[in-house]
Amino acid sequence: MPLPDSVTTCLSPPVHYVICKLGFEKKDTYDINSILSESGEVCWQAVTEHVCYLESDQSVDYIKSIRSLGPVCESVNLHFKSLTKEQFVIQYALWFRWTNYKELFLEVFDVLQYTQATEVALGLMKLTSCLERALGDVYLLTGKDCPFLLRDLLASEQLAIVFGQAVMNVLRVFIGSPYGLNLRNVLWHGFASPQEIPAKYCAMLLFLTAGLGQLLQTYLLQTKCILVHRPYVIFVSLEELDVFPLNHETLSVAEELVKLSSFVLKPMLPFWMAALTAFKQSRYADCVILLLPQLEAGLRLLFTTTNKCPNRLLTAEVKFLSKVDYDLMLAKHLDNEEVNKLPAVLEEPAMASEFLWDFLNHQEGPRIRDRLSHGEINLETFPREVANQIVAFAITLLCRFSDEDVFAFKEHMVIKPLMNCASCYRSQFHPISRLKKQVLECMKSIHLWPELPTVPEEHIQTIKGLEGNAEASTLILMISEIISQLQQYMPQNCCSSDDPINSVLTERLLIELCDRHICTLYSPRPVLEILVVLRKISTQCHHVSEQVIASTELRYKQWMNKTLRSRQRHNYLRMLNRL
């Protein structure tokens, strides 16, 4: 792995020019009053006239548009710097309500007053995710199935109806198009360092968001529509995410390790330090927003080195920008069908890949990156448990890819438990893991049957017609035959040959079976298809068991109260006989 000191930027020369230089070429001074009325409304026509179009097909000419909008952005940035917080709130706060997170935009204003590069980048990442979520809510005023990708959302007819196509073209210059500044993607995918994001672009997006609020208010008044905000995603079963131990001392050691680890690209060091600081300050969403792109950047460095494609460490040739992300880095094969060598480089390949798949990709997992970057999570209530695991996992990668002279860190009393947990990590959200959990939950439900209240045995025996059950006997024979074929795969001393059916349902056997590690990485399609069937069967079995429990308890109460009719009593006793 090359030393990260040799990497000074992850932006390719064309992209570096577009983001860091193009918008500064025109030295014109732009009067803020040209785009802002005395009443505080954005003069959209004055803004949209800076968007240029190609003569060939009238599509946006992003290069000319960025160059033309550069002085406008600078004027907006200076305007915001001239305002006090009170003045900004009076003039703009109302126009951020449509985002359902007004406080975030007021926070971004505070950040712009001090122009601390890392905080500006963080503010821009949060702003773009919240803006995307709000635009999705607007889309649903007239459309269905909101597009997942920001670029598709901004190009939609539904938003053009509400805001106008010219306004949407202004937004696409800044976010959503790989041919424009593409600020959201270069930050969320870990390509841009703090110093490479001009603060004036963050200021301009803040300004445009307020302007969108003004346009939306006009549209809602005209159409009598009501904007409905989709609920945030809420994490459940947080105890399942609590794997790694982490404490204050661990964070202190990590701050030193970050400065030495070859996993950290030097230009990105401020992001790492800010993430650890955010965690210590209980700003858990900020911590994870800062850290996830840096995990991607570090893994991309490993990926491009081991697969000998160093050009992919840099962004944003358009055809590569959306490809070299977690999905590609965790894939079994590269897009040229060659084997991905990254897993073999990781000391515990299954561990690292399974953890990343669990937290980022599996549909039943938390899918942290997607949900944060698309604004689906309430940042103010982001759970510590999730941030704890991401930080701890990041520390294990820092240790794995450190030089030998930091061996003492790996053996440190607070680091070693993390490394031990990492080496033992098993997927929790792969369909195989979820099936195991379903089986154990079903077993617990069935094991409640013997504890159910029941009538005295002599009552059952006095009812005629309950002595035999041909259907049940046939099923028992069939199950016995199936189990005999599976006997060779059963753990020893866990299954009785005398009573194979009941022994299969023993807690000891099922726990031992479910505790066996099954590799979840790169499960072939036939396995995934079988898992779908098995999970449906398990779900149905659990449902039947719960119905049996509920029905038995109800019928017992009715029996004791003598409210059962003759047929109900007969059916109740028949059920008890089968059980």
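Student: What does the secondary structure of the protein come to, in helices and strands?
Tutor: The secondary structure comes to 29 helices and 0 strands, where helices (H or I, at least four residues) and strands (E, at least two) are DSSP runs numbered from the N terminus. This is a predicted model, in which local features need pLDDT of at least 70 and side-chain atom pairs count only at pLDDT 80 or more, while totals for chains, interfaces and linings use all residues. Residues are numbered from 1 along each chain as its sequence is written, and side-chain values use heavy atoms, with hydrogens and water left out.

Student: Which residue caps the N-terminal end of helix 6?
Tutor: That is Q116, with a side-chain oxygen 3.1 Å from the backbone nitrogen of T118.

Student: Switching to the inside, which residues have the most contacts within the largest nonpolar core?
Tutor: F80, F174 and F382 do, in a core of 160 residues; a nonpolar core is a set of buried Ala, Val, Leu, Ile, Met, Phe, Trp, Tyr and Cys residues joined through side-chain atoms within 4.5 Å. This core draws at least three residues from each of domain 1 (13–223) and domain 2 (238–424), with domain bounds taken from an automatic or database domain assignment. Apart from it lies another core of 6 residues, including V455 and Y572.

Student: What is F80 in contact with?
Tutor: Leaving aside neighbours within four places in sequence, F80 is in contact (heavy atoms within 4.5 Å) with several residues, among them F88, Y92, F109 and F207.

Student: Where is F191 found, and is F191 buried or exposed?
Tutor: F191 is in the loop between helix 10 (183–188) and helix 11 (199–223), and F191 counts as buried because its relative accessible area is 1%. The C-alpha atoms of F191 and R300 are separated by 9.9 Å, although these residues are 109 apart along the chain.

Student: How many disulfides does a search of the whole structure find?
Tutor: The search finds 0 disulfides, a disulfide being a pair of cysteine sulfur atoms within 2.5 Å. As for individual cysteines, C146 is partly exposed at 23% relative accessible area, and C519 is also partly exposed, at 47%.

Notes: Buried < 20%, exposed > 50% of the residue type's maximum accessible area, 1.4 Å probe, protein only. Polar contact = N/O pair within 3.5 Å; in protein donor to acceptor, adjacent residues only side chain to side chain.
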